[in-house]
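Please read the following report alongside the sequence and the three-dimensional view shown here. It is meant for a reader who wants to follow individual residues by name.

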Amino acid sequence: MPSGLFKQLAHNVRLDWHAHRASSSSRKANCFTTYSFLGRLRHFVDIIDPTTLFVSERRLTECVKLLDDYKHGTLSPDVSDLQLWEAQKIKQAIIHPDTGEKIFMPFRMSGYVPFGTPIWLNQSHNACVNYSNRNATKPTPTSRFLQGYVGAVTSAVSLAVGLHLLIQKANHMSPATRMIIQRLIPFPAVASANICNVGLMRRNELSEGIDVLDENGNVVGSSKIAAKHAIMETAFTRVVLPMPIFVLPPIIMSYLEKVPLLQTNRRLLLPIHSLVCLATFGLSLPLAISLFPQMSQIEVSQLEPEIAMATDSKVVIYNKGL
């Protein structure tokens, strides 16, 4: 991968730090710090804004040019902080940080909720999202992508079918046992499928390693240990992601079903339940992906010896992916 792309990644971290230290007059900039969970949450709520799905090619080009001008010190003094951060929001929502290429619209994080909600249990869509938002510092052969895709979808479907059969058998159990199985089994099944999906779609990173950068954005080497950390962190976010979806809608609907309007118009229950699930999914996504910074840090002492020999830095940066 061209080193310029990684320098832009490190530059984004420095830009974020600049925002963290910015004056209080730039309130939007202060919300973008990724040094805290709340800062990352605000950042990702902005990045997954579905309106970025409709950004034109011309507007995207303008945003990229604006950020390039900032990077090279040729930015017009008339450009405000809000304009600069809006440009970064659009670029980060659309452009993959490693490849510099546009992510296909349905597989962007901003498209996860609108495209994934009707089929959020469909691991085929999840597989494409995981692949599209991976660490792409090393190229993935098409054959390996297809193997990962087939493995991810097959394992997920197998878990789903096994779950369905288990729930069917629960009809022959006592009411208490059946209730426990029907309420508790779906979450670990979905979480396990999500972990398999992430691991299989990104297994190329484990075998090839991912590039790690120093504080100046220079690639100091390729690390399989950093790749393991990146995939484990991403997999954990996929475990957290479905939690609110299993918990909140049943609680909310238990109250809404008592509303007189819904008691007399039972046909409204299904669309309202769908809206509640949509809202919950929209809430859980930024919460889950905010658990870890996308540009994560790791101490050099934890990595391969050749990494430590290649840099004087105590800490290096890597793109965890989303």
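**Basis and confidence**

This is a predicted model, in which local features need pLDDT of at least 70 and side-chain atom pairs count only at pLDDT 80 or more, whereas totals for chains, interfaces and linings use all residues. Residues are numbered from 1 along each chain as its sequence is written, and side-chain values use heavy atoms, with hydrogens and water left out.

The pLDDT is the predictor's confidence in each residue, on a scale from 0 to 100. Its mean over the protein chain is 79, and 82% of the residues reach 70 or more.

**The chain as a whole**

The secondary structure comes to 16 helices and 4 strands, where helices (H or I, at least four residues) and strands (E, at least two) are DSSP runs numbered from the N terminus. Of the 322 residues, 43% are buried; buried means under 20% relative accessible area, exposed means over 50%, and partly exposed lies in between, with a 1.4 Å probe and protein chains only. Among contacts with a separation of 6 or more, 68% are between residues 24 or more positions apart. The chain exposes about 16,600 Å², of which carbon and sulfur atoms supply 63%; accessible areas come from the Shrake-Rupley method with a 1.4 Å probe, and for residues only the protein chains shown count as cover.

**Annotated segments and a surface patch**

An unreviewed UniProt entry carries the annotation "transmembrane region" for residues 146-167, 235-256 and 268-292; UniProt positions are given in the numbering used here, feature names are shortened, and annotations may be inferred rather than shown by experiment. In the model, residues 235-256 are 91% helix and 0% strand, with the end C-alpha atoms 33 Å apart. Residues 268-292 are 84% helix and 0% strand, and there the end C-alpha atoms are 38 Å apart.

Val157 lies in helix α8 (residues 142-169) and is partly exposed, with a relative accessible area of 44%. Together with Val161 and Leu165, Val157 forms a nonpolar patch on the surface with about 240 Å² of accessible area. Patches are made of residues with over 30% relative accessible area and no salt bridge, like charges being joined within 9 Å and nonpolar side chains (Val, Leu, Ile, Met, Phe, Trp, Tyr) within 5 Å.

**Salt bridges**

Side chains of opposite charge can pair when their charged atoms come close. The structure holds 8 salt bridges, each defined as a side-chain nitrogen of Lys or Arg within 4 Å of a carboxyl oxygen of Asp or Glu. The table lists some of them.

| Pair | N to O distance |
|---|---|
| Glu57 and Lys102 | 2.9 Å |
| Arg58 and Glu62 | 3.6 Å |
| Glu62 and Arg59 | 3.9 Å |

The salt bridge of Glu57 with Lys102 links distant parts of the chain, 45 residues apart, with Glu57 in helix α4 (residues 57-71) and Lys102 in the loop between α5 (81-94) and α6 (112-116). Glu57 is partly exposed at 48% relative accessibility, and Lys102 is partly exposed at 45%.

Arg58 and Glu62 are separated by about one helical turn, because they stand 4 residues apart in helix α4. Arg58 counts as exposed at 65% relative accessibility, while Glu62 counts as partly exposed at 40%. Glu62 and Arg59, 3 residues apart in helix α4, are likewise separated by about one helical turn, and Arg59 is partly exposed at 34%.

**Two buried residues**

Leu41, in helix α3 (residues 37-47), counts as buried at 17% relative accessibility. Leaving aside neighbours within four places in sequence, Leu41 is in contact with Pro286, Leu287 and Ser290. The C-alpha atoms of Leu41 and Phe292 are 9.9 Å apart, although 251 residues separate the two along the chain.

His96 sits in the loop between α5 and α6 and is buried, at 4% relative accessibility. Not counting residues up to four places away in sequence, His96 touches Glu101, Ile103, Ser132, Asn133, Arg134, Ala136 and Asn319.

Definitions and conventions:
Contact = heavy atoms within 4.5 Å.
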